[in-house]
Amino acid sequence: MDKLSTIQQPIQKELESLNMTIRAALQTDSDLMNSVVDYYLGVKGKQIRPLLVMLSASLCGSINESTINAAAGIELLHNASLIHDDVVDESLQRRGRKTVNGVWDNRIAVLVGDYFVSCALKCAVKTGMISIVDTLGTLGRELARGEIDQISNVEHHLIDEQAYFDVIRQKTASLFVSCMQMGALSVSAPLEETCKLMTFGEKLGLCFQIKDDIFDYYEDTSIGKPTGNDIREGKVTLPLLYALQHGNKDEAAFMSELLKKNVLSADEVNSLIMFARGNGGIQYAENVMESLRSEGYEVLSSFGDTPITASLKSILDYTIERKK
């Protein structure tokens with residue numbers, strides 16, 4: 001049993017309730033919609049985000065019906081964003097499996113993504129807590145803003161570490177922050193505890209995206225995207241940002257000019273990858289994650305040494321140490 005499965009084991013019944021809630025929320029009398037939903041739900045993901053909602057609730061109280069509905073809402077919104085991202089990125093596969101737009105087309109994928117968003121909001125409404133509905137609505141805005149800002153950075157060839165962190169806080173970390181917040185809200189946790197858990201969620205979310213970005217610098221077809229795909233799309237992530245700032249000045253200037261091109265050849269992409277790897281970019285990104293891990297541990301220390309804090313630490317460890 002892997003680390004994530006071990007964490008899930010104590011709340012297996014709650015996770016089963018979650019999946020029943022998700023399926024019920026998506027049920028419709030449209031044969032086509034049901035076909036797409038069945039296909040999409042055919043492979044269950046790691047469900048880290050709803051797991052965080054439940055662990056957050058457990059740390060401050062006991063998992064209840066509002067917790068389950070909040071977790072379902074955030075999982076549905078997350079999946080809606082993935083479906084829409086695949087359309088935007090023209091991705092026909094995700095982790096070795098055809099995407100919704102890959103099986104059907106962009107029209108169907110966009111509409112199914114919209115349907116997931118609506119179902120997510122309905123799940124949030126079922127909690128009867130306006131604070132949870134507000135959190136989910138704010139999250140949707142942050143996710144969209146993060147993607148737009150990333151596109152803007154690519155178009156303007158903005159190569160800046162602060163801009164990078166601003167984007168990943170919005171497009172990735174905001175989701176983890178909201179998970180922790182919604183779990184705490186579902187059990188009416190005190191504001192101080194809620195804020196601490198949100199801080200932990202941000203540390204975790206930043207690590208999650210940095211780790212994903214590191215994968216782009218290594219060949220591994222099991223990850224589900226080609227090596228150098230981010231660079232090919234004009235996305236300059238942390239390892240390359242560091243190398244451009246700290247590598248040989250002449251070589252860094254040449255690489256910066258390459259990044260201004262609208263289309264990069266395979267050799268040029270490989271040159272940028274090797275430049276990042278050869279100038280300490282990967283090590284720097286890993287060091288940043290280690291600092292974030294320490295900060296995350298520090299936040300959890302105020303809750304004491306409990307099985308729930310141990311599980312949250314294990315998720316942080318899993319995020320940093322995962323292989324794909």
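**The second largest pocket**

Author: Helix H8 gives 5 residues to the lining of the second largest pocket, the largest share. The model is predicted, with local features needing pLDDT of at least 70, side-chain atom pairs pLDDT 80 or more, and totals for chains, interfaces and linings using all residues. Numbering starts from 1 along each chain as its sequence is written, and side-chain values use heavy atoms, leaving out hydrogens and water.

The pocket holds about 370 Å³ of space. Of its 18 lining residues, Ile151, Val154, Glu233, Gly234 and Lys235 are the closest to its centre. Two or more lining residues come from each of helix H8 (130-155) and helix H11 (229-232). A pocket here is an open set of points on a 1 Å grid over the protein atoms alone, with protein on both sides within 12 Å along at least five of seven lines; a cavity is a set where a 1.4 Å probe fits but cannot get out, and lining residues have an atom within 4 Å of a point. Points are joined across faces, edges and corners, and a volume is the space filled by probe spheres set on them. Helices are DSSP runs (H or I, at least four residues), numbered from the N terminus.

By class, the pocket lining has 6 nonpolar, 4 polar and 8 charged residues. Nonpolar covers Ala, Val, Leu, Ile, Met, Phe, Trp, Tyr, Cys and Pro; charged covers Asp, Glu, Lys and Arg; the others, Gly among them, are polar.

Lys235 lies in the loop between H11 and helix H12 (238-246). Lys235 counts as buried because its relative accessible area is 17%; buried means under 20%, exposed over 50%, and partly exposed in between (1.4 Å probe, protein chains only).

Ile151 also belongs, with Val88 and Ile148, to a nonpolar surface patch of about 280 Å². Such patches take residues with over 30% relative accessible area and no salt bridge, joining nonpolar side chains (Val, Leu, Ile, Met, Phe, Trp, Tyr) within 5 Å and like charges within 9 Å. A salt bridge puts a side-chain nitrogen of Lys or Arg within 4 Å of a carboxyl oxygen of Asp or Glu. Ile148 is found in helix H8 and is exposed, at 53%.

Val154 and Gly234 are also among the residues lining the largest cavity, including Asn153 and Leu259. That cavity has a volume of about 50 Å³, and its lining has 5 nonpolar, 3 polar and no charged residues.

Key. Areas by Shrake-Rupley, 256 points an atom, 1.4 Å probe, with all protein chains shown as cover.
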